[in-house]
Amino acid sequence: MAWWRGRDKGSGTGGAAAPPAPACTCCDGTLSAGDPRFNLSLPDPVAKMSAYAQETCIRFLSDFMVSTENIGAFTRALLPVTLTDGRTVTFGVWVAIDGPTYRYISELGRDGTDEEYATMEFDGLLANALEPWGRKVLRAEVSVAIPDSPFDRPTPQIISSTHATVTRMLSEPWAPGKVLTGSRAWALRYDADAPPVPHLH
């Protein structure tokens, strides 16, 4: 799978100077403010469990899928948000899915051809609150598909939603200072005239 595997450690507002760009967790290279990407490490319902509950309830856990005994299953999806300066912030969020969808994704990932994988589509519920939009986007209905990508078997991407706020996130440009807060603020150090930094994950 080709997706960026860094972790978002929370966000806030604050007016402190933008911190330096962190290193990519895959290759230790410096992340590019020209292509800011942030992964949420777990679905919110799983992240809120105690360590003991996670140990006893999680049946399967990877960077791409989570299955639990008592609160269902989740899969990774990308949520792109356009900024007013022309950049796109990509959030690696989690989508809650039902049992048949979990089996469908698992089977395509394990046994499907690249062509079959490229046609994968499914619906689910956004399983993360996400600042600055907050908890109102939690459990938003979303539709997910495989984006055009130079990578083999790219991560699924949220392409539409019945939720008004998520629809705006997908369709309207947002001010960088509103989205890139807290631990994301390093991406405010953006020079549009600087040479691009390639990111291959």
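Me: Helices (H or I, at least four residues) and strands (E, at least two) are DSSP runs, numbered from the N terminus. In which strand does Thr68 lie?

Reply: Thr68 lies in strand 3. The structure is a predicted model, in which local features need pLDDT of at least 70 and side-chain atom pairs count only at pLDDT 80 or more, whereas totals for chains, interfaces and linings use all residues. Residues are numbered from 1 along each chain as its sequence is written, and side-chain values use heavy atoms, with hydrogens and water left out.

Me: Which residues of strand 3 point one way, and which the other way?

Reply: In a regular strand the side chains alternate between the two faces of the sheet. In strand 3 (residues 65-68), Met65 and Ser67 point one way, while Val66 and Thr68 point the other way. All of these residues are buried, a term that means under 20% relative accessible area, with exposed meaning over 50% and partly exposed in between (1.4 Å probe, protein chains only). Thr68 is assigned to the buried class because its relative accessible area is 2%.

Me: In what sense do strand 2 and strand 3 pair?

Reply: Two strands pair if DSSP finds at least two bridges between them. Strand 2 (residues 58-61) and strand 3 meet this criterion with 3 bridges, in the antiparallel sense. Within this pairing, Leu61 stands opposite Val66.

Me: How many bridges join strand 3 and strand 4?

Reply: Strand 3 and strand 4 (residues 73-82) are also antiparallel and pair over 3 bridges. Here Met65 has Thr75 of strand 4 as its bridge partner. This hairpin has 4 residues between its strands, and Gly72 in the turn has a positive phi of about 90°.

Me: What does the side chain of Thr68 reach?

Reply: A polar contact is a pair of N or O atoms within 3.5 Å; within protein, one must be able to donate a hydrogen and the other to accept it, and residues adjacent in sequence count only if both atoms are side-chain atoms. The side chain of Thr68 reaches the backbone oxygen of Gly72 at 2.7 Å. As for contacts (heavy atoms within 4.5 Å), Thr68 touches Val46, Cys57, Ile58, Arg59 and Phe74, leaving aside residues up to four places away in sequence.

Me: Which residues of helix 5 are buried?

Reply: In helix 5 (residues 164-171), the buried residues are Thr165, Val166 and Met169. Seen down the helix axis, they fall within an arc of 95°, so they line one face of helix 5; the arc is that of the directions from the helix axis to the C-beta atoms. Ala164 and Ser171, on the other side of the helix, are exposed. The buried residues pack against strand 4, strand 6, strand 7 and strand 8 (157-161).

Me: Where does Lys136 lie?

Reply: Lys136 is placed in the loop between strand 6 (121-126) and strand 7 (141-145). It counts as exposed because its relative accessible area is 52%.

Me: To what number of salt bridges does the count come?

Reply: Side chains of opposite charge can pair when their charged atoms come close. A salt bridge is a side-chain nitrogen of Lys or Arg within 4 Å of a carboxyl oxygen of Asp or Glu. By this rule the count comes to 5 salt bridges. One of them joins Asp114 and Arg153, at 2.9 Å from N to O. This pair links distant parts of the chain, 39 residues apart: Asp114 belongs to helix 4 (residues 114-118), and Arg153 to the loop between strand 7 and strand 8. Asp114 is partly exposed at 46% relative accessibility, whereas Arg153 is buried at 17%.

Me: How far apart are the closest N and O atoms of Asp35 and Arg37?

Reply: In the salt bridge of Asp35 with Arg37, the closest N and O atoms are 3.0 Å apart. Asp35 is partly exposed, with a relative accessible area of 28%, and Arg37 is partly exposed, with 23%. Arg168 and Glu172 also meet through their side chains in a salt bridge, at 3.2 Å from N to O. Arg168 is partly exposed at 36% relative accessibility, as is Glu172 at 33%.
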